[in-house]
Amino acid sequence: MNSIRTIQAMRGLAAIAVAFYHVYIIARQVSPGSGVVMEQFARHGFMGVNFFFVLSGFIILMAHEKDIGQVDRLKNYISKRALRIYPAYWIFTTLYVIAAFMGLGASDFSTKPLDLLSSYALFQISPDKVVPPLKVAWTLFYEVQFYIAFSLLIISRRFGFTLLGIWFASICVGLASGTEAVDSRLLSPWNVYFFVGMAVFILYKRVSNVGAMLAGMAAACLLLYYFLNYNLDIHEFHREYGYLHFLLAPAFGLLILGIAGLEKTQNWSVPYPLQFLGDASYSIYLVHSAVISVAAIVLRKIGLHMHDNVALYFIVFASSVIAGCAAYLIVERPLTRRLKPAISLKASQVNS
């Protein structure tokens, strides 16, 4: 798969935007009824998730376009997707569960076997709605769902595109009629971003320099319209303004098309720190919330609060990002490097 350096950098920026948002959310929870410094800016940070979903659709099609209709490549596809998402997630989830059982923080998740199994599988096995130990993992349920849907394209091009078309149409019809099930992962408008991401990759292969610039300008206009007219947190956005998914999905899709297209036509360079943040983005995403929660507990015990102190807010935010980078260097990267050769060997044996 070709590496698009600017997209990787934006992945890192999206991860730290989500971290910035969660400092605001946790500060508000720790000091209910109080205002939070940086609130007007921080409350938009959840849109890093919207960007991630579009990017996921883009990257999956870019990485596996040649696998479509090649059923013999299904095992290789599953292995690569599993390696990307599960090993680090399982380690960080297990550490969180152990810490919660030891009384470090609140164990506000179900310990029923089927609920925990669902959390570890990132797939709804339990009959009850599952709240995973790592709260941010709610997005990974959508990711795994999309990976499964994309696998249908690998099994059969015609069958896969037919089912994906039915899925997309069902989401749109539900939203247009006002009857969409906001608690249903399958019919949630959050899934629209994956479709937009795949469409953007198709356009990316053909985009010119002028087209990329026009896409970037269109994205800027759509995002500016959103910021000037809406000031929502993620719950308000999804439950009361679901139609805005159809504004932000194209906005982030055009942003990716513009940036990736300009890199392709102008050969941009990206500073290493931004590239590194992109590499570490998954670990940052997985661990930042727990670090922020621990910091909030410690600060409260010593009589300090980050909701009204800009310096503390940024210290906690920076600490969560640094912890995520450390987790990437200590856990995710070594683990991936150790497991990747074994998975590649198995894939070559299957395809030989």
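Residues are called buried under 20% relative accessible area, exposed over 50% and partly exposed in between, using a 1.4 Å probe and protein chains only. The model examined here is predicted, so local features need pLDDT of at least 70 and side-chain atom pairs count only at pLDDT 80 or more, while totals for chains, interfaces and linings use all residues. Residues are numbered from 1 along each chain as its sequence is written, and side-chain values use heavy atoms, with hydrogens and water left out.

Helix α1 (residues 5–30) packs against helix α3 (residues 47–64) at an angle of about 150°, their axes lying 9 Å apart. This makes α1 roughly antiparallel to α3, a label for angles over 145 degrees. Contact, meaning heavy atoms within 4.5 Å, involves I7, M10, R11, A14, A15 and V18 of α1 together with G48, V49, F51, F52, L55 and I59 of α3.

Rings of Phe, Tyr and Trp (its six-membered ring) pair if their centres lie within 6.5 Å, and planes under 30 degrees apart count as stacked, over 60 as edge-to-face and the rest as tilted. The whole structure contains 38 such aromatic pairs. One of them, F53 with Y142, is tilted, at 5.9 Å centre to centre and 50° between the planes. Because F53 lies in helix α3 and Y142 in helix α6 (residues 138–155), this pair ties together parts 89 residues apart in sequence. Both F53 and Y142 are buried.

Y230 and Y241 form an edge-to-face pair, 5.9 Å centre to centre with 70° between the planes. Y230 has 15% relative accessibility and therefore counts as buried, whereas Y241, at 26%, is partly exposed.

How values were computed
Axes are lines fitted to C-alpha atoms, for helices over the stretch in contact, and angles run from 0 to 180 degrees between N-to-C directions. Helices (H or I, at least four residues) and strands (E, at least two) are DSSP runs, numbered from the N terminus. Angles under 35 degrees count as roughly parallel, over 145 as roughly antiparallel, 65 to 115 as roughly perpendicular and the rest as oblique.
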